[in-house]
Amino acid sequence: MPNFDYIASARRTIGLERDAVDSLLQRLNSHFEKACETLLACTGRIVVTGMGKSGHIGRKLAATLASTGTPAFFVHPGEASHGDMGMITPQDVVIALSNSGNTAEVVTLLPLIKRMGVPLISITGNPESTMAQAAVANLDTAVEQEACPLNLAPTSSTTTALVMGDALAIALLEARGFSAEDFAFSHPGGSLGRRLLLLVDDIMHSGDSMPLVKQQTSLRDALLEMTRKGLGLTGVINEQQQLIGIFTDGDLRRTLDQSVDFHAMTIAEVMTAHSKTARSGMLAAEVLKIMEDAKISGLFVVDAEGLPVGALNMHDLLRAGVV
């Protein structure tokens, strides 16, 4: 079809689905509030079910709920009729999706759900349907027209169901006070998980790998310690082993501008005293902020007594995926 206007077709589809989503705003009512209250009061898990395209949207809804603080999973209605009903307990809440609200495989489950005393929340395009009438709350996702020109393929209707599900999940997230740290525990393998779960203790160099010299050490010997440990810095400690300063590559460049005797000068004469430090147990993301705010590329980690327990630089944070 060389003369077919693909852009016009796409614009039509997007326009129809946009209008369908906009129409949801007028249908947010006490049923939505009842659905949220029912889900928040649930002492078990949220069981999501749906057939066909509604089932695909249901799987996404279950995944979104589970990752935002509401334990949930998806059960295929056909499988539920052949044994998987055993996955539903009286403490659970069921969310069922169907544009018609009369999908046979889902309707078959309604008497069993009712018999167990499990609350049902329906997401349908037909408030008068069997599912909607059986539900404690029905979320109306009706559309005037599918984006499909034949008005057959689920398009606008699945989009509204998807958006309504997201609205439900986010309302619950906010009501629970779900935090970024909570989200990270549900996504430990993602970048947010690394930023919010990784401690500085997990990535710092400790023990013999820490570059440390005493305050009376010569500048020459301090440079040798920096070279051996390869972090671009060394810490300076007093007789009580407390960190009293730091000497970095940047300090070295500034020192080279002066006429100094590397053998006679002590590190205490050129170190940066009262340098920025991190505390053991800090999140790596907190340490990154300290370094960014101070415009430094490395620092030491100290304990409550001011004793150095580790050192790290920006490369360590990069390797750990914190940056």
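Which residues does Leu-139 touch, not counting residues up to four places away in sequence? Select Leu-139 and look around: His-31, Phe-32, Ala-35, Ile-121, Ser-122, Ile-123, Thr-124, Met-164 and Leu-168 are what Leu-139 touches (contact means heavy atoms within 4.5 Å).

Before moving on, two notes on the model. This is a predicted model, where local features need pLDDT of at least 70 and side-chain atom pairs count only at pLDDT 80 or more, while totals for chains, interfaces and linings use all residues. Residues are numbered from 1 along each chain as its sequence is written, and side-chain values use heavy atoms, with hydrogens and water left out.

**Stop 1: Leu-139 and its strand**

Leu-139 is found in strand β5 (strands are DSSP runs of E, at least two residues, and helices are runs of H or I, at least four, numbered from the N terminus). Leu-139 counts as buried because its relative accessibility is 2% (buried is under 20% relative accessible area, exposed over 50%, partly exposed in between, with a 1.4 Å probe and protein chains only).

**Stop 2: the parallel sheet**

Now show the five strands of the open sheet, in the order β2-β1-β3-β4-β5, with parallel pairing (two strands pair if DSSP finds at least two bridges between them). At the edges are β2 (72–74) and β5 (137–140), each pairing on one side only. From one strand to the next, the twist averages 20°. Zoom in on β4 (residues 120–124), which four bridges join to β5; Ser-122 has Asn-138 as its bridge partner in β5.

**Stop 3: the antiparallel strands**

Select β7 (residues 233–237) and β8 (residues 243–248), which pair in the antiparallel sense over five bridges. Thr-234 stands opposite Phe-247 in β8. Five residues lie between the strands of this hairpin, where Gln-241 takes a positive phi near 70°. Finally, bring in β9 (residues 272–273): β8 and β9 pair in the antiparallel sense over two bridges, and the partner of Ile-246 in β9 is Thr-272.

Conventions: Axes fitted to C-alpha atoms, helices over the stretch in contact; angles between N-to-C directions.
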